[in-house]
Amino acid sequence: MKKILLVDDERWVRTALKWTIKKLALPLEIIHECGNGLEALDWIKQNDVDLVITDIQMPIMDGLSLANELSKLNKKLDCFIISVHHEFQLAHQALRSGVTDYLIKPIDEKELKECLERWLFKRNKEETSRKIAQVLDETIPSSTIERVLQYIEKTPLDQITLKAAADHVHINPSYLSQLFKQQFNKKFVGYITELRIEESKRLLQNTSLRMSEIAERVGYSDLAYFSNNFKRITGSSPSEFRKSSD
């Protein structure tokens, strides 16, 4: 059920419009009425509504000013303008300002129904698209990460690079790094670095391989760079770690 706010300085107009909308039997509910734009703006800031139907000519704050202020709010709502024939240019100005649609007084029931049905169709379509996008946003990154982790598991550490992993799952390297940051609170390079250090610790403890050989096996061509990374992460140099493990 979509929620509507009616804004018109004439109570009888609001009553007639409320009765007509109810008669249409659409999934709509008039949840509040206001007598001018400023009153409506104050109410909207504190409440949620899907559609505002407002007259153009009102005291204190007119409908165009209200529509302009609504466009500045961080709220997902639409606005219909009600005008008379001699305000036709104002109605078109409102459409250019972001108003969704307009109605001409006296309001014809058939035209009102078509206008509301058109809006409902558009709104429901937008919400469906948003839900689909949200599902994709939740599932695609997780499945991508899963495929990358499988790739890492099957690939020797000295052959793993950000570009190679991104190419494997057909995405941009920087996007892959962002996904890792979201999933593991660390970028791809940091994740791989930790894997390399863990593997080098295993090799230091369980083999007699030289430091340079271990460094190469885990993906470091520069022994000094390997030693610095190892000490930064573990707190000790590779040789110190090996001695403490004996």
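The largest pocket in this predicted model has a volume of about 210 Å³. Its lining is made by Glu-10, Trp-12, Val-13, Ala-16, Leu-17, Thr-20, Lys-105, Pro-106, Ile-107, Asp-108, Glu-109 and Leu-112. Two elements give two or more residues each to this lining: α1 (11-23) and α5 (109-154). Helix α1 has the largest share, with five residues. By class, the lining holds seven nonpolar, one polar and four charged residues.

The peptide bond that joins Lys-105 and Pro-106 is cis, with omega at about -10°. Pro-106 sits in the loop between β5 (101-104) and α5.

Now for the second largest pocket. Its volume is about 150 Å³. The lining consists of Asp-158, Ile-160, Thr-161, Leu-162, Phe-188, Val-189, Ile-192, Thr-193, Arg-196, Tyr-220, Tyr-225 and Asn-229. Helices α8 and α10 each supply at least two of the lining residues. The most comes from α8, which gives five.

| Pocket | Volume | Lining by class | Most residues from |
|---|---|---|---|
| Largest pocket | about 210 Å³ | seven nonpolar, one polar, four charged | α1, five residues |

At what angle do α8 and α10 pack? The angle between α8 (residues 188-206) and α10 (residues 223-234) is about 95°, and their axes are 10 Å apart. Angles of 65 to 115 degrees count as roughly perpendicular, so α8 is roughly perpendicular to α10.

Which residues of α8 and α10 meet? From α8 come Thr-193, Ile-197, Ser-200, Lys-201 and Leu-204. From α10 come Phe-226, Asn-229, Phe-230, Arg-232, Ile-233 and Thr-234. This contact has five nonpolar, four polar and two charged residues. Thr-193 and Asn-229 take part in the contact and also line the second largest pocket.

Ala-25 is not a glycine, yet its phi is positive, near 60°. Ala-25 lies in the loop between α1 and β2 (28-34). Is Ala-25 buried or exposed? Its relative accessibility is 66%, so Ala-25 counts as exposed, since the cut-off is over 50%.

Asn-185 is another residue with a positive phi, about 60°, although it is not a glycine. Asn-185 is found in the loop between α7 (173-184) and α8. Asn-185 counts as exposed because its relative accessibility is 61%.

How values were computed:
Residues are numbered from 1 along each chain as its sequence is written. This is a predicted model: local features need pLDDT of at least 70, side-chain atom pairs count only at pLDDT 80 or more; totals for chains, interfaces and linings use all residues. Side-chain values use heavy atoms; hydrogens and water are left out. Axes are lines fitted to C-alpha atoms, for helices over the stretch in contact, and angles run from 0 to 180 degrees between N-to-C directions. Angles under 35 degrees count as roughly parallel, over 145 as roughly antiparallel, 65 to 115 as roughly perpendicular and the rest as oblique. Contact means heavy atoms within 4.5 Å. Ala, Val, Leu, Ile, Met, Phe, Trp, Tyr, Cys and Pro count as nonpolar, Asp, Glu, Lys and Arg as charged, and the others, Gly among them, as polar. On a 1 Å grid over the protein atoms alone, a cavity is a set of points where a 1.4 Å probe fits but cannot get out, and a pocket is an open set with protein on both sides within 12 Å along at least five of seven lines; lining residues have an atom within 4 Å of a point. Grid points are joined across faces, edges and corners, and a volume is the space filled by probe spheres set on the points. Buried means under 20% relative accessible area, exposed over 50%, partly exposed in between (1.4 Å probe, protein chains only).
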